[in-house]
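Please look through the sequence and the model first.

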Amino acid sequence: MSYKFVCGKSYTRKDIFRIIGLLEEPKGGNWYTGYTRHERDYFIFCNIGIPGRTGHDYNNHFIGDNLIWFAKSDTKIYQPEIQNLINPKVKKYIFIRSSNTEPFTYVGLGQAKSFEETSPFKIIWKFIDEDEVNPIRFPEEVTETQTYIEGSTKQITVNVYERNPDARQKCIKHYGVICHVCEFSFERVYGVIGEDYIHVHHLKPLSEIGKEYELDPIKDLRPVCANCHAMLHRKRPAYTIDELKSIIRNNA
Ligand SMILES: [Zn+2]
Ligand SMILES: [Zn+2]
């Protein structure tokens, strides 16, 4: 089956049941514990940065456009379910959220790019887009690769927060698809191909981020155009939005 979910759109489990044609809502079971099979396809519900229902926090996260994801505990490569998940012929519809409430954001059809036989089993998902347009994942952003060690275990890159698709959506929904520095609108200039296109900038310098940091998409992120984004990152730590605004003013 091929279901028409739109990348970047929000769905509750109820919405999903309706779309895939489940007349009766499944009560509990696998639909609520991370991933489940429906006919030949899999549906994956992934918490990012928050503990799952079972209380485990396996640190699912994005690195660039890839989703680093952990299966249920005690999962092993020879298990049929894991075999299905890494089988490119089986469809995986992947939904994420970064708070404990619904809805989820649809990220796309995932394909195992690689995996590690850790416990739990770890899969690195890349996203294949068949015929979907994808407003939330971008091949771009700032290419800065500065890393920061969170606590002593977690390594994150400078733009890991700017690439979190769920947080991006919340930020854009709140501020609009317009540059917060210069008010540039891609849609106004480029028409339909610029629709929904914007970068998202993370305001807090990584040095100020503690171990317990929880991203607040409204407080910590701002939509900016690609030019302003590049200029913000011309120095480290980045210019503030106000600094860049005054640079533009002084230069006019
Ligand atoms: Zn701008
Ligand atoms: Zn940035």
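Does glutamate 183 count as buried or exposed? Glutamate 183 counts as exposed, because it has 11 C-beta neighbours inside 10 Å; a residue is exposed with 12 or fewer other C-beta atoms within 10 Å of its own, buried with 20 or more, and partly exposed in between, the C-beta atoms being placed from the backbone. This is a predicted model, in which local features need pLDDT of at least 70 and side-chain atom pairs count only at pLDDT 80 or more, while totals for chains, interfaces and linings use all residues. Residues are numbered from 1 along each chain as its sequence is written, and chains are lettered from A and ligands numbered from 1 in the order in which they are written.

**Overall make-up**
- The protein has seven helices and twelve strands; these are DSSP runs numbered from the N terminus, helices being H or I with at least four residues and strands E with at least two.
- Of its 252 residues, 30% count as buried.
- Among contacts with a separation of 6 or more, 60% are between residues 24 or more positions apart; a contact means that two C-beta atoms, placed from the backbone, lie within 7 Å.

**Nonpolar cores**
- A nonpolar core is a set of buried Ala, Val, Leu, Ile, Met, Phe, Trp, Tyr and Cys residues joined through C-beta atoms within 7 Å.
- The largest one has 27 residues, and Ile44, Phe45, Cys46, Tyr93, Ile94, Phe95 and Ile96 have the most contacts inside it.
- At least two residues of this core come from each of S3 (41-47), S5 (66-70), H2 (80-86), S6, S7 and S8 (122-128).
- Beyond its neighbours within four places in sequence, isoleucine 94 touches residues including Ile44, Leu67, Val107 and Trp125.
- A second, separate core of 16 residues includes Ile172, Cys179, Val181 and Val200.

**Helix H3**
- Within H3 (residues 165-175), the buried residues include Pro165, Ala167, Cys171 and Ile172.
- Strands S6 (92-97), S7 (104-116) and S11 (199-202) are among the elements covering the buried residues of H3.

**Backbone exceptions**
- Most residues other than glycine have a negative phi, and most peptide bonds are trans.
- Glutamate 183, in the loop between H3 and H4 (186-190), has a positive phi of about 65°.
- Aspartate 74, in the loop between S5 and H2, also has a positive phi of about 65°.
- The bond from glutamate 102 to proline 103 is cis, and proline 103 is in the loop between S6 and S7.
- The bond from serine 119 to proline 120 is cis, and proline 120 is in the loop between S7 and S8.
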